[in-house]
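Here are a few exercises to work through with the model open beside you. Try each task before you read its solution.

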Amino acid sequence: MRLLLDLHPDDYPLEGYRRRQLLDWVFGQGVGSFAAMATLPAELRAELERDYLLNPFREIETVRSTDGSVKYLFTLQDGRQMEAVYMPYLDRKTICVSTMVGCPAKCAFCATGAMGFGRNLTPGEVVGQILAVAGGEGLSSPRELRNLVFMGMGEPLLNYEHTMNAARILLHPLALGMSKRRITLSTVGLAKGIRRLAAEDDLGLKLAISLHAPDEETRQRIIPTGAANGISDIMAAAREYQAVTGRRLTFEYSMLRGVNDHPWQAALLADLLSGLVSHVNLIPMNPWDGSGFESSTEAEIQTFYDVLESRGVDVSVRRSRGKDAGAACGQLALKRPNAASGEARFGAV
């Protein structure tokens with residue numbers, strides 16, 4: 001049975017105003033069943049029920065943080081598990097979604113990397129996270145979620161087609177109608193994928209590159225993909241992306257004590273960014289059991305920050321939200337040893 005959310009809105013079943021009604025039930029009102037779509041005739045609802053699956057999830061678990069953020073752990077229909085995070089702010093509601101079960105990039109400090117790789121998510125399994133979170137948070141409509149980041153589990157550019165199809169659903173005016181300026185895609189730094197993304201004329205997503213080290217030796221130590229994607233190639237692709245799109249680039253930098261937080265590395269990072277319109281997010285590591293790393297101290301982060309700022313780099317420190325809810329990607333799923341393999345942790349609905 002096909003997952004309805006995998007379809008582009010223009011390809012939804014039904015025609016004319018009936019299709020618009022269906023899209024509004026799914027994306028405007030976020031109903032969880034075809035039976036609840038009261039404006040559709042009973043026979044159409046029965047046909048939809050027979051031919052399509054509406055909900056990509058068998059089970060949903062939530063863990064709420066004292067800061068208001070909420071971690072969602074989803075059990076997919078095949079029993080595999082992945083996560084999303086809801087982050088409410090005074091002026092916006094943001095959701096961080098996953099594009100994979102686990103991740104093949106295997107960054108040494110990342111809980112998701114420790115899970116290994118399960119499989120790619122389909123477009124509907126990505127979009128379904130937004131609908132489920134909107135329902136779980138009691139929002140009047142999924143369209144209240146106006147800011148989205150592809151920064152959850154997985155490397156979006158290694159699930160390229162499905163991620164781009166999900167983005168097109170997010171942007172469609174009859175679906176979630178998001179603004180491309182409010183969607184950010186985070187990549188570990190796959191130069192070929194960055195160049196490919198630059199050519200997607202209809203998307204124009206914001207790009208965040210997880211650099212995490214300005215020197216090859218350190219980067220290859222903590223990011224295995226660094227061997228195939230050298231820093232010089234990543235930076236060349238980033239400059240090409242900016243030349244094509246005109247968009248400011250964000251560089252994510254997890255602060256790992258004694259690994260990538262030395263002042264000389266801050267100076268080298270400033271050199272790499274020279275001439276780019278960019279912003280650096282310094283991210284204190286969110287520790288997890290067995291990582292083998294610890295976060296840089298406040299003093300070490302401040303020194304790194306000061307070096308960048310003195311060199312004219314636009315920089316901020318991004319504080320992780322939801323630490324008490326296991327906010328770092330993969331922390332909840334990692335506690336279920338077979339989450340990537342497909343063994344269900346909860347009873348089927």
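**Exercise 1. Work out the strand order of the open sheet of 10 strands and find its edges.**

Step 1. The order of the open sheet is 3-4-5-6-9-10-11-12-13-14, and the pairing is mixed; two strands pair if DSSP finds at least two bridges between them. Strands (E, at least two residues) and helices (H or I, at least four) are DSSP runs numbered from the N terminus.

Step 2. Strand 3 (57-64) and strand 14 (315-317) each have a single partner strand, so one side of each lacks a neighbour in the sheet.

Step 3. On average, neighbouring strands of this sheet are turned by 20° against each other, direction ignored.

Before you go on, note that this is a predicted model, where local features need pLDDT of at least 70 and side-chain atom pairs count only at pLDDT 80 or more, while totals for chains, interfaces and linings use all residues. Residues are numbered from 1 along each chain as its sequence is written, and side-chain values use heavy atoms, leaving out hydrogens and water.

**Exercise 2. Describe how strand 4 is joined to strand 5.**

Step 1. Strand 4 (residues 70-76) and strand 5 (residues 81-88) run antiparallel and are joined by 6 bridges.

Step 2. Pick out leucine 73: its bridge partner in strand 5 is glutamate 83.

**Exercise 3. Find the buried residues of helix 6 and say what covers them.**

Step 1. In helix 6 (residues 191-198), Ala191, Gly193, Ile194, Leu197 and Ala198 are buried, meaning under 20% relative accessible area with a 1.4 Å probe, protein chains only.

Step 2. Look down the axis of helix 6: these buried residues fall within an arc of 160°, so they line one face of the helix. The arc is taken from the directions between the helix axis and the C-beta atoms.

Step 3. The cover includes helix 5 (160-171), strand 10 (183-187), strand 11 (206-210) and helix 8 (231-245), with contact meaning heavy atoms within 4.5 Å.

**Exercise 4. Characterise the packing of helix 4 against helix 5.**

Step 1. Helix 4 (residues 123-136) packs on helix 5 at an angle of about 45°, and their axes are 8 Å apart. Axes are lines fitted to C-alpha atoms over the stretch in contact, and angles run from 0 to 180 degrees between N-to-C directions.

Step 2. Pro123, Val126, Val127 and Ile130 of helix 4 meet His162, Asn165, Ala166, Ile169 and Leu170 of helix 5.

**Exercise 5. Locate leucine 14 and decide whether it is buried or exposed.**

Step 1. Leucine 14 sits in the loop between strand 1 (2-3) and helix 1 (16-28).

Step 2. Its relative accessibility is 17%, so leucine 14 counts as buried.

Step 3. Leucine 14 is not a glycine, yet its phi is positive, about 80°.

Technical notes:
Buried means under 20% relative accessible area, exposed over 50%, partly exposed in between (1.4 Å probe, protein chains only).
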